[in-house]
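Here is a brief report on one protein chain. It goes from the overall fold to single side chains.

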Amino acid sequence: MTLKINITEPNTLKLLLDSIEGYRGANEALDEAVEKENWGAISVVQGLRTMHASTIALIVNQYADSKSGEVH
């Protein structure tokens, strides 16, 4: 399933792209922390990943509902 949204505000687009990059980086860091059984790092990275995921969801939901409204 592909969701097409049109984000015209540069700051919102930058925030979305930064959050996607941050989410991917947090996933990599989480894998590394799990391999090392570093429970403190796991906790921190899960928090970062959750923050990025929430930001992504907020932006996508806002724009999918109010701007595009189309799911392909």
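## Fold and contacts

Among contacts in the chain between residues at least 6 apart in sequence, 73% join residues at least 24 apart. Contact means heavy atoms within 4.5 Å. The model is predicted, so local features need pLDDT of at least 70 and side-chain atom pairs count only at pLDDT 80 or more, while totals for chains, interfaces and linings use all residues. Residues are numbered from 1 along each chain as its sequence is written, and side-chain values use heavy atoms, with hydrogens and water left out.

The chain has 2 helices and 0 strands. Both terms refer to DSSP runs, numbered from the N terminus: helices are H or I with at least four residues, strands are E with at least two.

## Surface and burial

The chain exposes about 5,300 Å². Carbon and sulfur atoms supply 54% of that area. Accessible areas come from the Shrake-Rupley method with a 1.4 Å probe; for residues, only the protein chains shown count as cover.

Of the 72 residues, 19% count as buried. Buried means under 20% relative accessible area, exposed means over 50%, and partly exposed lies in between (1.4 Å probe, protein chains only).

## A buried serine

Ser19 sits in helix α1. Ser19 counts as buried because its relative accessible area is 4%. Which residues does Ser19 touch, not counting those up to four places away in sequence? They are His52, Thr55 and Ile56.

## Salt bridges

How many salt bridges does a search of the whole structure find? It finds 2. A salt bridge is a side-chain nitrogen of Lys or Arg within 4 Å of a carboxyl oxygen of Asp or Glu.

Asp18 pairs with Lys14, at 2.7 Å from N to O. Both residues lie in helix α1 (residues 10–35), 4 residues apart, about one turn of the helix. Asp18 is partly exposed, since its relative accessible area is 36%.

Lys36 bridges to Glu32, with the closest N and O atoms 3.8 Å apart. Lys36 is exposed, at 60% relative accessible area. Glu32 is partly exposed, at 48%.

## A nonpolar patch

Val44, Leu48 and Met51 make a nonpolar surface patch of about 270 Å². Patches are made of residues with over 30% relative accessible area and no salt bridge; like charges are joined within 9 Å, nonpolar side chains (Val, Leu, Ile, Met, Phe, Trp, Tyr) within 5 Å.

Leu48 belongs to helix α2 (residues 39–68). Leu48 is partly exposed, because its relative accessible area is 41%.
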